[in-house]
Amino acid sequence: MKNLIKSYILSTRFKISIWYAVVFLILECLFGLIVYQYLYNNSLKKLDASLTSQAKAIMHILESKHIDIETFQPDSNYTSEEDLIWDIIYDVVIFNERNTFIQISSGPKVIYKSANLLETNLNFSEIKRPYMIFDFTDHKLSDDEIRGVLLQNNKYKVIVAYPKKHIVQIINSLTDIYIVLAPLFFVISLLGGAIISQRSLSRIDKIIKKTEEITAHNLNEIIPGEEHDDEFGRLVKKMNEMIQRIRTSIEYMNQFSISVAHELKTPLTILRGEIEIALKSNKSQGEYVEILKSNYEEILRLIKIIDNLFFISKNEHNLITLNKKKVELEKFLSSLIRNVNVLLNEKSKKLVLNLESDFSAFFDPDLIKQALTNIIDNAIKYGLDGYPIIVTALKKDSDMFEIIVKNECENVNEIDTEKIFNRNFRSDLSATKNIRGMGLGLNVAKSIINLHDGLIKAEKTNNSIEFIIQLPLI
């Protein structure tokens, strides 16, 4: 149980639920603050408008009646100035719901104040402006802050004020509601987040379950769901593409392993058989020489296979470092041809060097030698007997030079010159002529030329095929 709880807490579902709830709570708080501020400001504006309207009405009546308090004399109708003022402003005060505190002054003398002001006088003599809205606190009148409007002219000063009690009550009620609802909304948002994350990530569970079922033995299966045009659909599509690449790689590795085992087994078997025959019976010197020559050819084949495999491994791990040197082309190609001539034994083929002019170039002689050996070996295997293999070297321009290996070949139109440099590619002629090989030689040659920032291509002309190598002089 603890592991399940821990697993859920660490899961993306739980994190999504928490984030959803937190974001929802933050939005709720922001909404509450906006509503709070709006209600407070709106209520305050309405109160200001009401107090201002009442003050203006009182001032208007006082001015329109032309009352002169200084010459007032009591009579049978009005015993005091307050009775006179009250009678004049009665309609204004009695029909206004916010007539809490009203005070009218004429100069320093207070000529009227509402009964709820008791003994308190609203003294704001320091205010000189004709109109002002202000806040003040007087605990004798109210425990809450009081909002007031002052309106004055040369003769009268009218103050109308009202406690903010009703505004505070509305805001406090809103706060109480939020205190109650906030935890409830948070719990609801947690549940909502859990449900949404559960439904959203249910497809991930299906993907995980199907992925767990796929092993090296059933890589032909695919993960369903890539038809959806959303994040999960794109994820499934990429995973299926990855599975396809893994399947291709495993098939290649299996095929490669079989090919390597077969290629190594054949010359080793030949070597073993010939050595056993040589040991079992006495041979003439000439027969021993022939056996040694045959063994030597098989050993060269083994070395070439191992060199190609070693190069591929190093190249795929970016471990090859070019060791460029200044090389004289005539000496280099002459030495190469002497070494390759051993492959021409017992074959009615010869190698011809065509060097237009002797010149030098900078490249890695060991790697270029391996590339040219692979190309010439390919020409020996697929070339027609009785026709020479021509190796030509020439300067193309001041920056580049070319090495061209040309040989006559039957059914040249069946050769796919675009795929011929692909790894493990073998043409139909391989089976027809019973030619052994893994299809690595030309791929290795192309990789070597690419490392030298060069170019290699194959072109078919009539009944011959040319391998054209372009390399920089420097």
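Rings of Phe, Tyr and Trp (its six-membered ring) are taken as a pair if their centres lie within 6.5 Å, and planes under 30 degrees apart count as stacked, over 60 as edge-to-face and the rest as tilted. By this criterion the structure holds six aromatic pairs. One of them joins Phe359 and Phe401, which are edge-to-face at 5.7 Å centre to centre with 65 degrees between the planes. This pair links distant parts of the chain, since Phe359 sits in the loop between β7 (351-355) and β8 (360-363) while Phe401 belongs to strand β10 (residues 400-408), 42 residues apart.

This is a predicted model, in which local features need pLDDT of at least 70 and side-chain atom pairs count only at pLDDT 80 or more, whereas totals for chains, interfaces and linings use all residues. Residues are numbered from 1 along each chain as its sequence is written, and side-chain values use heavy atoms, with hydrogens and water left out.

**The two sheets**

Helices (H or I, at least four residues) and strands (E, at least two) are DSSP runs numbered from the N terminus, and two strands pair if DSSP finds at least two bridges between them. Five strands form an open, antiparallel sheet in the order β2-β1-β5-β4-β3. Here β2 (109-113) and β3 (131-136) stand at the edges, each with a single partner strand, so one side of each is left without a neighbour in the sheet. Six bridges join β3 to the antiparallel strand β4 (residues 146-152), and Arg147 in β4 is the bridge partner of Asp135.

Another open sheet of five strands has the order β7-β9-β10-β12-β11, with mixed pairing. Its edge strands, β7 and β11 (455-461), each pair on one side only. Strand β9 (residues 389-395) runs antiparallel to β10 and is joined to it by six bridges; in β10, Ile404 is the bridge partner of Thr392.

**Helices on the mixed sheet**

Contact means heavy atoms within 4.5 Å. Axes are lines fitted to C-alpha atoms, for helices over the stretch in contact, and angles run from 0 to 180 degrees between N-to-C directions. Helix α7 lies across β7, β9 and β10, running at about 175 degrees to β7, while α8 lies across β7, β9, β10, β11 and β12 (464-472), at about 20 degrees to β10.

| Helix pair | Angle | Axis distance |
|---|---|---|
| α7 (residues 329-340) and α8 (residues 365-382) | about 50 degrees | 11 Å |
| α6 (residues 285-316) and α8 | about 130 degrees | 12 Å |

Angles under 35 degrees count as roughly parallel, over 145 as roughly antiparallel, 65 to 115 as roughly perpendicular and the rest as oblique. The α6 angle therefore makes α6 oblique to α8. A crossing is left-handed if the near helix is turned anticlockwise from the far one by less than a right angle, and right-handed if clockwise; α6 passes α8 in a left-handed crossing, and α7 passes α8 in a right-handed one.

Phe332, Leu333, Leu336, Asn339 and Val340 in α7 meet a set of α8 residues including Pro365, Ile368, Leu372 and Ile376. Ala, Val, Leu, Ile, Met, Phe, Trp, Tyr, Cys and Pro count as nonpolar, Asp, Glu, Lys and Arg as charged, and the others, Gly among them, as polar. On this basis the contact of α7 with α8 comprises nine nonpolar, two polar and one charged residue.

From α6, Lys304, Asp307, Asn308 and Phe311 make the contact with Leu367, Gln370, Asn374, Asp377 and Lys381 of α8. By class, the contact of α6 with α8 has two nonpolar, three polar and four charged residues.
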